[in-house]
Amino acid sequence: MNWQAIRAIYVFEMARTFRTIAQSIVSPVLSTVLYFVVFGAAIGGRIESVEGISYGAFIVPGLIMLTLLQQAVTNASFGIYFPKFIGTIYELLSAPMSFVEIVIGYVGAAATKALMIALIILATSTLFVDLQILHPVWMVTFLVLTAVSFALLGFIIGIWAGNFEQLQLIPLLIITPLVFLGGSFYSVSMLPPAWQTITHFNPVLYLISGFRWSFFGVADVPVGISIAAITVFLALCLTVIWLIFRTGWRLRQ
Amino acid sequence: MPAIISVRNLGKTYANGFTALDDVSLDIEEGEILALLGPNGAGKTTLISVICGLVQPTAGTVTVGGHDIRSEYRAARALIGLVPQEITIEPFEKVIATTRFSRGLFGKAPDEAHLEQVLRALSLWDKKDTRNRELSGGMKRRVLIAKALSHEPRILFLDEPTAGVDVNLRKDMWALVRRLRDDGVTIILTTHYIEEAEQMADRIGVIDKGRLLLVEDKDRLMRKLGRKRLVIELQAPLTSVPDALARYNLTVERDGHALAYDYDTQADRTGIAHLLSDLAQAGLSVRDLETTESSLEQVFLSLVEENA
């Protein structure tokens with residue numbers, strides 16, 4: 001393994017994060033605070049509790065997941081797309097490093113950044129609501145697995161994208177709706193039966209459900225299924241990455 | 001000298017059927033400066049891109065320092081520094097950070113002293129904390145060279161290093177290349193400026209339409225393919241070439257005051273002695289003689305025309 005190269009990419013990407021600190025960290029935190037104000041205070045005032053948990057606390061795992069997914073995908077996709085766009089990718093491709101090392105560098109940095117923001121949001125939310133975390137180890141496991149999986153997805157999007165529009169397309173049109181409809185702000189049991197069935201086709205439901213379970217011990221779906229779902233998704237992303245690596249798709253002519 | 005790069009029957013045909021490289025074989029010796037000369041689109045950049053791992057060849061093999069570029073790509077690529085033709089550089093990074101990044105990518109442990117040495121040699125040290133996008137075009141190009149040298153390569157590829165570069169910077173670049181060569185770095189540069197090849201190279205390879213037409217010691221190439229022109233200045237002007245001299249393919253120059261004769265310096269008989277005696281027989285008296293050697297440019301054009 002070319003650890004120096006992985007380190008170089010990781011340090012370089014993290015430096016970008018800190019250079020653009022306002023847009024990297026301040027803006028997701030600000031938008032989360034806005035969610036708290038709008039959903040927690042305005043709506044939460046009318047919904048007293050969901051499954052025995054105060055509404056303000058109930059939405060915290062969903063809000064963290066919303067930001068975690070968006071950040072992991074956008075950071076990883078931008079991280080690899082930008083060198084492609086400006087042409088500096090030549091250096092990565094001519095360096096004595098394998099595709100796996102490139103992936104570890106970019107995905108590692110994107111996942112780290114997404115996790116940092118998730119933890120900041122978690123800390124921020126304690127200012128608004130009382131939180132309990134029943135299964136902290138599982139909480140961290142869900143966070144890390146989700147961050148890594150979606151950073152991998154972002155990396156694939158970044159390799160695939162031919163322009164900035166395509167880069168924004170999937171996060172905007174697929175991931176955000178899935179998170180909103182995946183039970184971020186409500187329990188699936190609150191939906192009419194038909195919608196409950198449909199929601200079970202939404203993969204993000206399993207992430208949010210499992211993550212919420214690690215906080216409060218309540219879940220929309222059994223936690224084992226949540227873990228299986230995230231594992232399958234991770235495996236799927238790794239397979240696509242492996243195929244890209246094998247074929248040099250969109251990278252080497 | 002041993003070959004540090006060995007290219008065997010290399011071919012690259014793109015999916016759309018375009019053949020960028022056609023059966024190219026080439027040995028590059030350690031420590032030499034090789035110039036690859038050819039018109040735009042000849043395949044120079046493709047050849048470099050294959051050796052550096054950016055383009056996958058469709059035929060043939062390449063070894064770098066004895067390592068196959070596919071099965072032992074790590075060992076092969078670690079030896080190579082590449083300066084691309086386009087100025088492609090991270091706009092928002094500082095010069096030092098971007099150079100440090102390059103060194104890391106090539107698997108080398110951090111070495112600030114080496115980076116300082118490289119940046120000083122390129123007159124970039126006082127710009128080390130400047131962001132790349134604030135640099136002039138010439139400086140950006142030097143940053144690209146600094147990146148390529150950051151990991152102490154034994155081979156340096158310079159793809160059109162002086163395209164669009166002003167005269168002073170071009171001279172600096174040439175001096176730098178010579179210094180690197182003196183340090184034992186093998187240098188392969190592509191150019192379509194003949195002057196550059198003539199100034200810099202130990203050997204010259206000519207590429208056109210994906211084929212390597214020849215690789216030759218620069219001076220030998222000039223001699224071998226060099227044609228000379230003899231200009232005969234006459235006492236009295238002429239309007240046309242006399243019939244008696246028709247077989248020499250002479251041209252009338254300088255408003256009839258001179259005749260020009262092109263000949264091959266490598267031919268067994270240049271024909272000069274016969275021409276001069278025939279001139280005397282035709283009653284033309286000679287005032288002066290001069291010969292001029294063709295430049296590499298003419299050599300190159302005649303090669304490319306033959307290949308057309």
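Trainee: Which kind of interaction do the side chains of B:Lys147 and A:Glu91 form?

Mentor: The model is predicted, and every value here is computed from it. Side chains of opposite charge can pair when their charged atoms come close. For B:Lys147 and A:Glu91 the N to O distance is 3.0 Å, and the cut-off is 4 Å. The interaction is therefore a salt bridge.

Trainee: Why does this pair join two chains?

Mentor: One must look at where each residue lies. B:Lys147 belongs to helix H5 (residues 137-149) of chain B, whereas A:Glu91 belongs to helix H4 of chain A, so the pair joins two chains.

Trainee: Which residue of chain A forms a salt bridge with B:Arg74?

Mentor: The closest N and O atoms of this pair are 2.9 Å apart. The partner of B:Arg74 is A:Glu101.

Trainee: How many salt bridges are there between chain A and chain B?

Mentor: Over all chains, the count comes to 23 salt bridges. Between chain A and chain B, the count is 3.

Trainee: How many residue pairs are in polar contact between chain A and chain B, and which element gives the largest share of the side of chain A that touches chain B?

Mentor: The polar contacts between the two chains come to 9 residue pairs. Helix H1 (3-19), helix H3 (55-86) and helix H4 (89-94) of chain A are the elements that give two or more residues to the side touching chain B. With 7 residues, the largest share comes from H1(A).

Trainee: How much area do chain A and chain B bury between them?

Mentor: In this interface, 24 residues of chain A are in contact with 33 residues of chain B. By class, the side of chain A has 12 nonpolar, 7 polar and 5 charged residues. Of the area buried between the chains, 60% is on carbon and sulfur atoms, and the total is about 2600 Å².

Trainee: At roughly what angle do the axes of H1(A) and helix H5 of chain A cross?

Mentor: Two packed helices are described by the angle between their axes and the distance between the axes. H1(A) passes H5(A) in a right-handed crossing, and the contact includes A:Ile6 of H1(A) and A:Glu101 of H5(A). The axes come within 8 Å and cross at roughly 35°.

Note on methods. Residues numbered from 1 in each chain as written. Chains lettered and ligands numbered in written order. Predicted model: local features only at pLDDT ≥ 70, side-chain atom pairs only at ≥ 80, totals over all residues. Heavy atoms only, no water. Contact = heavy atoms within 4.5 Å. Buried area = accessible area lost by both parts, 1.4 Å probe. Polar contact = N/O pair within 3.5 Å; in protein donor to acceptor, adjacent residues only side chain to side chain. Helix = DSSP H or I, 4+ residues; strand = E, 2+ residues; numbered from the N terminus. Nonpolar A, V, L, I, M, F, W, Y, C, P; charged D, E, K, R; others polar. Axes fitted to C-alpha atoms, helices over the stretch in contact; angles between N-to-C directions. Left-handed = near helix turned anticlockwise from the far one by under 90°.
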